[in-house]
Structure formats: C-alpha cells, structure tokens
Amino acid sequence: MKPQKGWTVTFQPEGRKTVVQHGVTLLEAARKAGVVLPTRCGGKAGCLMCKVTVPQEEAAALRPPGDAERRKLGGLLDSGVRLACQAAVWNDLSVVVPEDPLKAAVRRRLEAARRGEEDGLW
Ligand code: FES
C-alpha cells in the first residue's frame with residue numbers, strides 16, 4: 001500500500017523525522033532528515049558503515065534484506081541490524097542510529113568525570 005504523503009521515518013536517539021516515498025532507502029531518508037550516517041562504499045553494501053538497528057516490531061516496515069545485505073550482515077540481521085543503504089522503507093518506522101565511537105568515548109569520560117571517577121587516561 002503506497003501512502004499519498006509518504007512514510008514517516010524517525011531516527012533515534014535524536015528523534016529526527018522525515019517523510020519519504022515508498023522504497024526510498026534509509027540512507028536517503030537519513031540524509032533528508034539531516035542525520036549523518038557514515039559511508040565509504042557509496043551505498044553498495046561494501047563498507048558496513050551505515051548500520052542501523054530496527055526494533056523487531058518494526059522490521060516489516062522495511063523491504064526484506066536482499067542477498068548482498070544477508071551476506072554482509074549474517075547473524076546481525078537477527079539482532080535487528082540493517083544496512084541503511086540497502087533497506088528500503090515500506091511503512092512508518094523508527095530506527096536507532098549507533099552513536100559515533102569518538103562521541104561515545106567522550107560522553108563516557110565526561111560522565112565518569114561528573115561522577116568523580118578518575119582512571120588517569122585524560
Ligand atoms: S554505505 Fe557502505 S554498506 Fe551501506
């Protein structure tokens with residue numbers, strides 16, 4: 001069923017939303033929403049940098065993974081991981097964008113500093 005106004009995709013944890021037409025990839029939707037997903041292969045399922053997580057209850061809102069995505073992700077598909085460059089939107093859904101590793105490290109250090117922990121790595 002194709003909606004007249006498109007499907008709403010919400011990118012967590014920031015909650016950014018965009019509306020896209022049926023079949024648009026999550027990578028395109030992310031760009032439209034202003035969400036930066038790293039890519040190195042140009043969206044050809046080659047770099048695995050565009051991984052996002054889709055809650056199990058929303059998995060059917062995406063086109064099922066094709067051969068390339070299955071081959072690249074293997075068992076990660078069972079955890080709800082999808083390649084944004086391959087996953088086409090078929091319905092409204094929310095996806096979780098992993099935190100940038102550098103930002104995550106800084107956040108953890110700041111949280112530790114706020115708690116008064118010190119490990120001598122600064
Ligand atoms: S952009 Fe490289 S695997 Fe998706």
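A contact means heavy atoms within 4.5 Å. By that rule, Thr10 touches Gly15, Arg16, Lys17, Leu93, Ser94 and Val95, not counting residues up to four places away in sequence. The structure is a predicted model, in which local features need pLDDT of at least 70 and side-chain atom pairs count only at pLDDT 80 or more, while totals for chains, interfaces and linings use all residues. Residues are numbered from 1 along each chain as its sequence is written, and side-chain values use heavy atoms, with hydrogens and water left out.

**Overall layout**

- The secondary structure of the protein chain comes to three helices and five strands. Helices (H or I, at least four residues) and strands (E, at least two) are DSSP runs, numbered from the N terminus.
- Read from the N terminus on, the order of the elements is β-β-α-β-α-β-β-α.
- Along the principal axes, the C-alpha atoms of the protein chain fill a box of roughly 55 × 30 × 25 Å.
- Of the 122 residues in the protein chain, 34% are buried. Buried means under 20% relative accessible area, exposed means over 50%, and partly exposed lies in between (1.4 Å probe, protein chains only).
- Among contacts in the protein chain with a separation of 6 or more, 57% are between residues 24 or more positions apart.
- The protein chain exposes about 7,800 Å², and carbon and sulfur atoms supply 53% of this area. Accessible areas come from the Shrake-Rupley method with a 1.4 Å probe; for residues, only the protein chains shown count as cover.

**Strand β1 and its partners**

- Strands β1 and β2 run antiparallel and are joined by five bridges. Two strands pair if DSSP finds at least two bridges between them.
- Trp7 stands opposite Val20 in β2.
- The two strands form a hairpin with three residues between them, and Gly15 in the turn has a positive phi of about 80°.
- β1 also pairs with strand β5 (residues 93–96), in the parallel sense and over four bridges. Gln12 has Val96 as its bridge partner in β5.
- Thr10 is found in strand β1. Thr10 counts as buried because its relative accessible area is 7%.
- In a regular strand the side chains alternate between the two faces of the sheet.

- Most residues other than glycine have a negative phi, and most peptide bonds are trans.
- A cis peptide bond joins Gln12 and Pro13, with omega about 10°. Pro13 lies in the loop between β1 (7–12) and β2 (16–20).
- Ala45 is not a glycine, yet its phi is positive, at about 60°. Ala45 is found in the loop between α1 (26–33) and β3 (51–53). Its relative accessible area is 4%, so Ala45 is buried.
- Leu48 also is a residue other than glycine with a positive phi, near 60°. Its place is in the loop between α1 and β3. With a relative accessible area of 30%, Leu48 is partly exposed.

**Cysteines**

- A disulfide is a covalent bond between the sulfur atoms of two cysteines.
- The structure holds zero disulfides, where a disulfide is counted as a pair of cysteine sulfur atoms within 2.5 Å.
- Cys47 counts as partly exposed, at 21% relative accessibility. Cys50 is buried, with a relative accessible area of 3%.

**Surface and helices**

- Leu102, Val106 and Leu110 form a nonpolar patch on the surface, and together they have about 270 Å² of accessible area.
- Patches are made of residues with over 30% relative accessible area and no salt bridge; like charges are joined within 9 Å, and nonpolar side chains (Val, Leu, Ile, Met, Phe, Trp, Tyr) within 5 Å. A salt bridge is a side-chain nitrogen of Lys or Arg within 4 Å of a carboxyl oxygen of Asp or Glu.
- Val106 lies in helix α3 (residues 101–114). Its relative accessible area is 37%, so Val106 is partly exposed.
- Glu28 is found in helix α1. At 43% relative accessibility, Glu28 is partly exposed.
- Glu28 and Leu93 are 65 residues apart along the chain, and their C-alpha atoms are separated by 15 Å.
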